[in-house]
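Please have the coordinates open.

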Amino acid sequence: MHDKLTEWAIRIQSIAQAGLAYGENEYDRERYRELRLIAAEMIARKTDSSLDTVQKLFCNEEGYPTPKVDTRAAVFQDGKILLVHENNGTWSLPGGWCEVDQSVASNAVKETKEEAGINVYAEKIIAVQDWRKHNTCNLPYGVVKIFVLCKAVGGEFSENTETIGVQYFGRDELPDHLADEKTTAEQILLCFDANDADHWKTQFD
């Protein structure tokens, strides 16, 4: 989805949102609202989505704009990594948006339990990444992805609304259909490297 036009629209929306948060002059605020509308129209044209849909997704926040935080849990068993089978047929590391009342560690634990049925505790941060540099970007805002090495302590998969199954994969056994907006093969292999290392240094960009 991301190209120069999308990047410009995201930047315009970000400036407009910050202006609405801090601007005190009503004439200026009206101009910021108009800029926000223009940015939404650009995204709508780019994605063939309705303007109403884009505004609800793209222009629904207040305050200074910041990236969203996504946590992904790397859970190993016998040298293999746990992946969840999404209900759309793709595979990914268990995880999701960091809830406002959760820390990075607790969110990784929560998401793994919800999606995989596995009880874990968080051991260390593997990497902190800007998804624009690593993932397929399918949303009109920034995302910071945090990969957490976790230890399984029991549990088993049960049906839920997000995933249809779980499986452990070896380094050379990764499935073809990965949810690249959530987890790429490169990111999974980075998790293997962290699990195999005696002293892992957190990666970040």
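## Pockets and loops

The second largest pocket has a volume of about 300 Å³. The model is predicted: local features need pLDDT of at least 70, side-chain atom pairs count only at pLDDT 80 or more, and totals for chains, interfaces and linings use all residues. Residues are numbered from 1 along each chain as its sequence is written, and side-chain values use heavy atoms, without hydrogens or water.

A pocket is an open set of points on a 1 Å grid over the protein atoms alone, where a 1.4 Å probe fits, with protein on both sides within 12 Å along at least five of seven lines; lining residues have an atom within 4 Å of a point.

Asp70, Arg72, Gly96, Trp97 and Lys182 lie nearest the centre of the second largest pocket. E4 gives the most to its lining, with 3 residues.

In the largest pocket, Ile10, Ser14, Pro65, Tyr141 and Gly142 lie nearest the centre. H1 supplies the largest share of that lining, 6 residues.

| Pocket | Volume | Lining | Make-up |
|---|---|---|---|
| Largest | about 510 Å³ | 23 residues | 10 nonpolar, 7 polar, 6 charged |

Now the loops. Asp48 sits between helix H2 (26-47) and helix H3 (51-58). Phi of Asp48 is positive, near 60°. Asp78 lies in the loop between strand E1 (68-77) and strand E2 (80-86). Phi of Asp78 is positive too, about 55°. Asp78 is exposed, at 77%.

Notes: Helix = DSSP H or I, 4+ residues; strand = E, 2+ residues; numbered from the N terminus. Buried < 20%, exposed > 50% of the residue type's maximum accessible area, 1.4 Å probe, protein only. Points joined across faces, edges and corners; volume = space filled by probe spheres on them. Nonpolar A, V, L, I, M, F, W, Y, C, P; charged D, E, K, R; others polar.
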